[in-house]
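Please look through the sequence and the structure shown here.

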Amino acid sequence: MSDDFVELGYILRAHGIRGEVKVVLDVQDPTDYLSLSGCYLALNASPPTRYKINRFTLAGKNQAIIKFKTINDRDAAETLKGHTLLIPQDALPDLGNEHFYYFEIEGFTVLTPEREEIGKVIRIDEMPAQDLLVIDYKSKEIPLPLVEEIFLGVNKEKKQVQVHIPDGFLELYAEEEE
């Protein structure tokens, strides 16, 4: 799958007899996508295929019923079960400078409140208890809890994130890895 796409969710099953599908959404605010006119579907490693959307209706918490333009019966809808629902990154709603999508800050410089450079953001790992900001610190991967006491903010224009790291944490973690 191309890095230019963002996963919105997946098709759970066919819904009804007119070609609609029930989708599980993995987004913070499903209402941001009500006006979606099209998306891409992919299964496993297959290349994404574009589909136009006739209707997108919310159906409970983080679920929606979607009617694609070219899918007109239940049999056709059943073939889409398990497909991943994707949209291009540039089609995502703008979150402004204060908020961000996780993929946006990969590669950003990590700074302390004193403006000391610590390293670079490698990725964010989504975990059940809390998400982790994984940074490259002296060629070692260091996971930092993505909580407001540690993650202080982001500046998209300067490609920087600011974090407060407890005294000795980086050194202790770096030693444990050796």
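Phenylalanine 68 is buried, because its relative accessibility is 0% and buried means under 20% relative accessible area, with exposed set at over 50% and partly exposed in between (1.4 Å probe, protein chains only). This is a predicted model, in which local features need pLDDT of at least 70 and side-chain atom pairs count only at pLDDT 80 or more, while totals for chains, interfaces and linings use all residues. Residues are numbered from 1 along each chain as its sequence is written, and side-chain values use heavy atoms, with hydrogens and water left out.

Aromatic rings come next. Rings of Phe, Tyr and Trp (its six-membered ring) are paired if their centres lie within 6.5 Å; planes under 30 degrees apart count as stacked, over 60 as edge-to-face and the rest as tilted. The count by this rule is 5 aromatic pairs. In one of them, the ring centres of tyrosine 51 and phenylalanine 68 are 5.3 Å apart and the planes stand at 55°, so this pair is tilted. The pair joins distant parts of the chain, with tyrosine 51 in strand S4 (residues 49-58) and phenylalanine 68 in strand S5 (residues 63-68), 17 residues apart. Helices (H or I, at least four residues) and strands (E, at least two) are DSSP runs, numbered from the N terminus. Tyrosine 51 is also buried, since its relative accessible area is 17%.

Tyrosine 101 and phenylalanine 103 form a stacked pair, because their ring centres are 5.9 Å apart and their planes lie at 15°. Tyrosine 101 counts as buried at 18% relative accessibility, whereas phenylalanine 103, at 27%, is partly exposed. Phe100, Tyr102 and Phe151 are linked by ring pairs into a cluster.

How do the strands close up? A barrel is formed by 6 strands in the order S1-S2-S5-S4-S3-S6, with antiparallel pairing. On average, neighbouring strands of this sheet are turned by 45° against each other, direction ignored; axes are lines fitted to C-alpha atoms, for helices over the stretch in contact, and angles run from 0 to 180 degrees between N-to-C directions. Two strands pair if DSSP finds at least two bridges between them. Strand S1 (residues 5-15) and strand S6 (residues 84-88) run antiparallel and are joined by 5 bridges.

Within that pairing, tyrosine 10 has threonine 84 of S6 as its bridge partner. Threonine 84 is buried, because its relative accessibility is 16%. Not counting residues up to four places away in sequence, threonine 84 touches Glu7, Gly9, Tyr10, Tyr40, Leu41 and Ala42, where contact means heavy atoms within 4.5 Å.

Phenylalanine 5 also belongs to strand S1. Leaving aside neighbours within four places in sequence, its contacts are Tyr40, Pro48, Leu86, Ile87, Pro88 and Gln89.

The whole protein has 2 helices and 12 strands. From the N terminus on, its elements run β-β-β-β-β-α-β-β-β-β-β-β-β-α. Along its principal axes, the C-alpha trace spans about 60 × 35 × 30 Å. Of the 178 residues, 39% count as buried.
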